[in-house]
Amino acid sequence: MLVSRYRPVLYLQLLLIFIDIFLNCFMDMLRFENVIILVLYVLQDVCIVFAVIVVFLMFFNTYIFQAGLVQILIKKFKITIIVTFVYLALNIGLHIWTVTLRWDNPNAYVWNDGLSALYVIQKSVAVLYYYFYKRTALRLGDHRFYEDSQWLRHEFQKRR
């Protein structure tokens with residue numbers, strides 16, 4: 001991919017990751033009103049959905065996808081796709097559970113065992129999400145994905 005086209009997309013992907021990291025780190029300190037919490041939770045989930053959309057748009061721009069070899073892309077980025085959707089599901093679950101427990105009093109200290117376990121799992125999967133998403137964003141800048149090459153022909157021959 002041309003550097004002039006790839007750089008803004010990479011910056012967008014990094015911006016979406018940084019927004020998610022910021023909201024993940026400071027969400028518990030921003031509990032002033034229910035509406036603010038709800039808007040920030042929706043913003044975080046929308047950023048994750050946009051991140052998924054950007055990755056899939058990058059997939060669609062590759063020569064591999066346009067040649068109809070989608071299974072090669074899926075094989076190479078399977079872990080990223082799985083981790084992203086698991087992280088999104090954990091985020092939504094944590095947000096729904098937190099909002100339902102704290103809706104009447106947003107500053108209340110409500111931490112039962114299940115919420116604590118989900119919180120720890122979500123934060124742990126977040127680290128995996130950041131790693132794999134950034135790795136995918138950087139790997140999709142490789143010129144081999146955007147042109148016919150010997151590597152692609154070799155991958156295609158392995159498929160047969």
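Me: Hi! How many disulfides does the structure hold?
Reply: Zero disulfides here, where a disulfide is a pair of cysteine sulfur atoms within 2.5 Å. Keep in mind that this is a predicted model: local features need pLDDT of at least 70, side-chain atom pairs count only at pLDDT 80 or more, and totals for chains, interfaces and linings use all residues. Residues are numbered from 1 along each chain as its sequence is written, and side-chain values use heavy atoms, with hydrogens and water left out.

Me: Cys47, buried or exposed? And what about Cys25?
Reply: Cys47 counts as buried at 6% relative accessibility, whereas Cys25 is partly exposed at 48%. The cut-offs are under 20% relative accessible area for buried, over 50% for exposed, and partly exposed in between, with a 1.4 Å probe and protein chains only.

Me: Switching topic: how many helices and strands does the protein chain have?
Reply: Seven helices and zero strands, so the DSSP runs counted are H or I of at least four residues for helices and E of at least two for strands, numbered from the N terminus. Along the sequence the pattern reads α-α-α-α-α-α-α.

Me: What does the C-alpha trace span along its principal axes?
Reply: About 60 × 35 × 20 Å. Of the 160 residues in the protein chain, 39% are buried.

Me: And what share of the contacts comes from residues 24 or more positions apart?
Reply: They account for 78% of the contacts with a separation of 6 or more, with contact meaning heavy atoms within 4.5 Å.

Me: Nice. What span should helix 5 have?
Reply: Helix 5 covers residues 78-102, and its 25 residues should span 36 Å at 1.5 Å a residue. The end C-alpha atoms are 36 Å apart, which agrees. The expected span is 1.5 Å times one less than the number of residues.

Me: How about helix 6?
Reply: That one also agrees: 27 residues should span 39 Å, and the end C-alpha atoms are 39 Å apart.

Me: What does Arg102 touch?
Reply: Leaving out residues up to four places away in sequence, Arg102 touches Asp28, Arg31, Asn34, Ala108, Val110 and Trp111.

Me: Where is Thr136, and what is it in contact with?
Reply: Thr136 sits in helix 6, residues 113-139, and counts as buried at 1% relative accessibility. Beyond its neighbours within four places in sequence, Thr136 is in contact with Val55, Phe77 and Thr80. Thr136 and Thr80 are 56 residues apart in sequence, with 7.1 Å from C-alpha to C-alpha.

Me: Last one: which residues form the nonpolar patch on the surface?
Reply: Leu38, Val42, Val46, Val49, Phe50, Ile53, Leu57, Phe60 and Trp103, with about 760 Å² of accessible area together. Patch residues have over 30% relative accessible area and no salt bridge; like charges are joined within 9 Å, and nonpolar side chains (Val, Leu, Ile, Met, Phe, Trp, Tyr) within 5 Å. A salt bridge is a side-chain nitrogen of Lys or Arg within 4 Å of a carboxyl oxygen of Asp or Glu. Areas come from the Shrake-Rupley method with a 1.4 Å probe, and for residues only the protein chains shown count as cover.
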